[in-house]
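I opened this notebook to keep track of what I looked up in the structure and in what order. The entries begin with contacts and go on to the fold, the core, the loops and the confidence.

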Amino acid sequence: MGATLDFGKNKGKQMCELDVGYLTWLACYTLVGTHMVTNLDNTWLVQNKLHVIYRARKELIKRRICYHCHRVLPVIGRDRVNGSQNYDDWLSRLLHIKCVKALS
Ligand SMILES: [Zn+2]
């Protein structure tokens, strides 16, 4: 925690200071339809900055930002009794329901 980026246009900044677009790029994510897929086209990042990719992903999840509209997601009971780790649940944490529908 607290480490700053040592490359790129946001060099010297911490994860919490970065905008969503840049974080999404750092996390190597691309939205294809309603699927958030890993985009490994940026081989330089993958080969040299894997730890940064993981940190960017953690930051995006921590901020609860919708990948489609880039707005903050409402807090859903993350301690739901029947909370599961299945795919639908995972998707609902990354996109607004209406954004999922808009993309379908
Ligand atoms: Zn949204």
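**Contacts.** I began with contacts in the protein chain between residues at least 6 apart in sequence, and found that 56% of them join residues at least 24 apart; two residues are in contact if their C-beta atoms, placed from the backbone, lie within 7 Å.

**Ground rules.** I noted that this is a predicted model, in which local features need pLDDT of at least 70 and side-chain atom pairs count only at pLDDT 80 or more, while totals for chains, interfaces and linings use all residues. Residues are numbered from 1 along each chain as its sequence is written.

**Fold.** I listed the secondary structure next, and the protein chain has five helices and two strands, arranged along the sequence as α-β-β-α-α-α-α. Helices (H or I, at least four residues) and strands (E, at least two) are DSSP runs, numbered from the N terminus.

**Strands.** I looked at how strand S1 (residues 29-32) meets strand S2 (residues 35-38), and they run antiparallel, joined by four bridges; strands pair if DSSP finds at least two bridges between them. Val 32 stands opposite His 35 in S2. The hairpin of S1 and S2 has two residues between the strands, and Gly 33 takes a positive phi there, near 65 degrees.

**Core.** I then asked which residues make up the largest nonpolar core. The core has ten residues, namely Met 15, Leu 18, Leu 23, Leu 26, Ala 27, Cys 28, Leu 45, Ala 56, Leu 60 and Ile 65, and the elements giving two or more residues to this core are helix H1 (20-26) and helix H3 (50-63). A nonpolar core is a set of buried Ala, Val, Leu, Ile, Met, Phe, Trp, Tyr and Cys residues joined through C-beta atoms within 7 Å. A residue is buried if 20 or more other C-beta atoms lie within 10 Å of its own, exposed if 12 or fewer, and partly exposed in between, with C-beta atoms placed from the backbone. Of the 104 residues of the protein chain, 14% count as buried. Not counting residues up to four places away in sequence, Leu 60 touches Leu 23, Thr 24, Ala 27 and Ile 65.

I compared the length of H3 with expectation: at 1.5 Å a residue, its 14 residues should span 20 Å, and its end C-alpha atoms are 20 Å apart, which agrees; the expected span is 1.5 Å times one less than the number of residues. Arg 64 follows H3 with a positive phi, near 55 degrees. In the loop between H3 and H4 I found His 70, which is partly exposed, with 13 other C-beta atoms within 10 Å. Pro 74 lies in the loop between H3 and H4, and Pro 74 is exposed because it has 9 other C-beta atoms within 10 Å.

**Confidence.** The mean for the protein chain is 82, and 81% of its residues reach 70 or more. Confidence is lowest in helix H4 (residues 87-94), at a mean of 62, and highest in helix H2 (residues 43-48), at 94. Over residues 83-87 the pLDDT is below 50, and this stretch has three contacts in the model beyond near neighbours in sequence. Where pLDDT is low, the predicted coordinates should not be read in detail.

Definitions and conventions: pLDDT = per-residue confidence, 0-100.
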